[in-house]
Structures are given as structure tokens and as C-alpha cells.
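Thank you all for coming. I would like to walk through one structure with you this morning, and I will go slowly for anyone who has not seen it before.

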Amino acid sequence: MAHDKGLDNVAVHWPRTGQYYDPVAPAEFVDFGAIADAPEIAAPTGALALHIAKTGTVRATAYTELVDLLLGLEGVLYATDAAAEDEDPVIDPDGCAWIAGGLERFVEGHEHFGDLVTFDTVAAVMRNAISGGRLPEQQLRWLDHRLAALRDEAGNAPHWSFARTELAILAGFYRRCAERGFAVFADY
């Protein structure tokens, strides 16, 4: 899915009280700033945590393909289902819990692959998860199709390079929204 501008996922109060959604005060995420100050934290993790702490927002563009693959849908962080129904592009608190849960399971499943998350390690984690589930052959074919679709014309994989801790912070943002009854507005 291509959009001209970057995508921000902005924490907003749910439901809206008027014509517009009111942004959540960044103070609701201030504790994320302490993560950014930890000396052993990876730079991308710290940058994400600090941005969330200061703004109550995730710059989500870099995560869209990964989240779509992990959750098996298209445009998850763009809230395209809502937009297609002529509604505002908003992820409700239940949707935030679903996103957080998927990311949390992935982060946990990636633990023995180390802290660097790449296209290849994502594929390995997903294959491991699918192999133990229902209809593994069918699900593995689906996964292989999805992975192939993410490759460019020359067969090169996306250049994903995330810290596992970065994805844990991303999950934490959506979990916080779910637990406090916030929604996420897809602003692009």
C-alpha cells in the first residue's frame, strides 16, 4: 500500500465527542521516556520510546508491512477497513489490543533469534508459529505467498532491520491505548 506522506498513529480519546477526535495528552505516555534513557537500549528503540513519550504518537510508516504480515491483513495501521466504510480511519481500543497481542506474540517468539529482526527472522518465527497450529500446510502456503509478494521484481527481500525491543515498545503503545480505552487515529 503506497501513500504519499508518512503515517502517524495518534492516540485519541474514544469515542469522539464532536466532529473531531481529541488527541490524548502525551503525559499518558510519559513513562516511555524512561526507556529511552536506559543505557543499554538500542538507538531505534530509544528514539521510538522518546517520540511516544513526547507526542503520544507513533510514526508508523516503517512498521506497516511488518504489521500487515504478522496480522495477516492489509493496511492495519492505516485503519483501511474503517476508511473503506466511509468512517474515520481509527483503530478502536479492541483493535489496539489485537495489534498489541500480535506484536507481543511475535516479540516473544523472536526471543531465541536475538535482538535483530530481519525479513528472514520474521519468516522463521512465523513458520515456527504456523507449524504448531491448525492446518499448517495451508498456512505455510499462505505465508510463502505473502513473503513472495513482499519481494521486489528482482526477488530481493525488504530491508527490514528492527530491534526486537523496538517492536516491544511499538506493542506497548497499542497495549497502553487498549488498556486505557484510547483509540488510534491514522493520520497520513
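Predicted model: local features only at pLDDT ≥ 70, side-chain atom pairs only at ≥ 80, totals over all residues.

**Helix α5 and what surrounds it**

Let me begin with α5, which has 17 residues and reaches 24 Å from its first C-alpha to its last, close to the 24 Å expected at 1.5 Å a residue. The expected span of a helix is 1.5 Å times one less than its number of residues, and helices (H or I, at least four residues) and strands (E, at least two) are DSSP runs, numbered from the N terminus. Residues are numbered from 1 along each chain as its sequence is written, and side-chain values use heavy atoms, with hydrogens and water left out.

Which residues of α5 are buried? They are Pro-93, Gly-95, Cys-96, Ile-99, Ala-100, Gly-101, Gly-102, Leu-103, Phe-106 and Val-107, where buried means under 20% relative accessible area, exposed means over 50%, and partly exposed is in between, with a 1.4 Å probe and protein chains only. The cover over these buried residues of α5 includes α3, β3 (90-91), β4, α6, α8 and β6. At the start of α5, a side-chain oxygen of Asp-92 comes to within 3.1 Å of the backbone nitrogen of Asp-94.

Moving past α5, we come to the loop between α5 and β4 (116-117), and this is where His-110 lies. His-110 counts as buried, because its relative accessibility is 0%. Its side chain makes a polar contact with the side chain of Thr-121, at 2.8 Å; a polar contact is a pair of N or O atoms within 3.5 Å, where within protein one must be able to donate a hydrogen and the other to accept it, and residues adjacent in sequence count only if both atoms are side-chain atoms. If we leave aside its neighbours within four places in sequence, His-110 is in contact (heavy atoms within 4.5 Å) with Leu-116, Val-117, Thr-121, Val-125 and Arg-164.

His-112 also has its place in the loop between α5 and β4, but His-112 is exposed, with a relative accessible area of 63%. For a sense of distance, His-112 and Thr-80 are 32 residues apart in sequence and 33 Å apart in space, C-alpha to C-alpha.

Now let us turn to helix α7. The 15 residues of α7 (residues 136-150) should span 21 Å at 1.5 Å a residue, and the end C-alpha atoms of α7 are 21 Å apart, which agrees. The buried residues of α7 are Leu-143, Arg-146 and Leu-147. They cover an arc of only 100 degrees around the axis, which puts them on the same side of α7; the arc is that of the directions from the helix axis to the C-beta atoms. On the other side of α7, we find Glu-137, Arg-141, His-145 and Ala-149 exposed. Among the elements that cover the buried residues of α7 are α3 (64-71) and α6 (119-131).

Next come the salt bridges, and how many does the structure hold? There are seven, a salt bridge being a side-chain nitrogen of Lys or Arg within 4 Å of a carboxyl oxygen of Asp or Glu. In one of them, Asp-144 is joined to Arg-127, with the closest N and O atoms 2.6 Å apart. This pair links distant parts of the chain, since Asp-144 is in helix α7 and Arg-127 in helix α6, 17 residues apart. Asp-144 counts as partly exposed at 37% relative accessibility, and Arg-127 is partly exposed too, at 33%.

Another salt bridge brings together the side chains of Glu-104 and Arg-175, at 2.7 Å from N to O. Glu-104 lies in helix α5 (residues 93-109) and Arg-175 in helix α8, so the pair ties together parts that are 71 residues apart in sequence.

Finally, a word about the sheet. An open sheet of four strands runs in the order β2-β1-β6-β3, with antiparallel pairing, and two strands pair if DSSP finds at least two bridges between them. The edge strands are β2 (57-59) and β3, each of which pairs on one side only. Between β1 and β2 the antiparallel pairing extends over three bridges, and the bridge partner of Asn-9 in β2 is Val-58.
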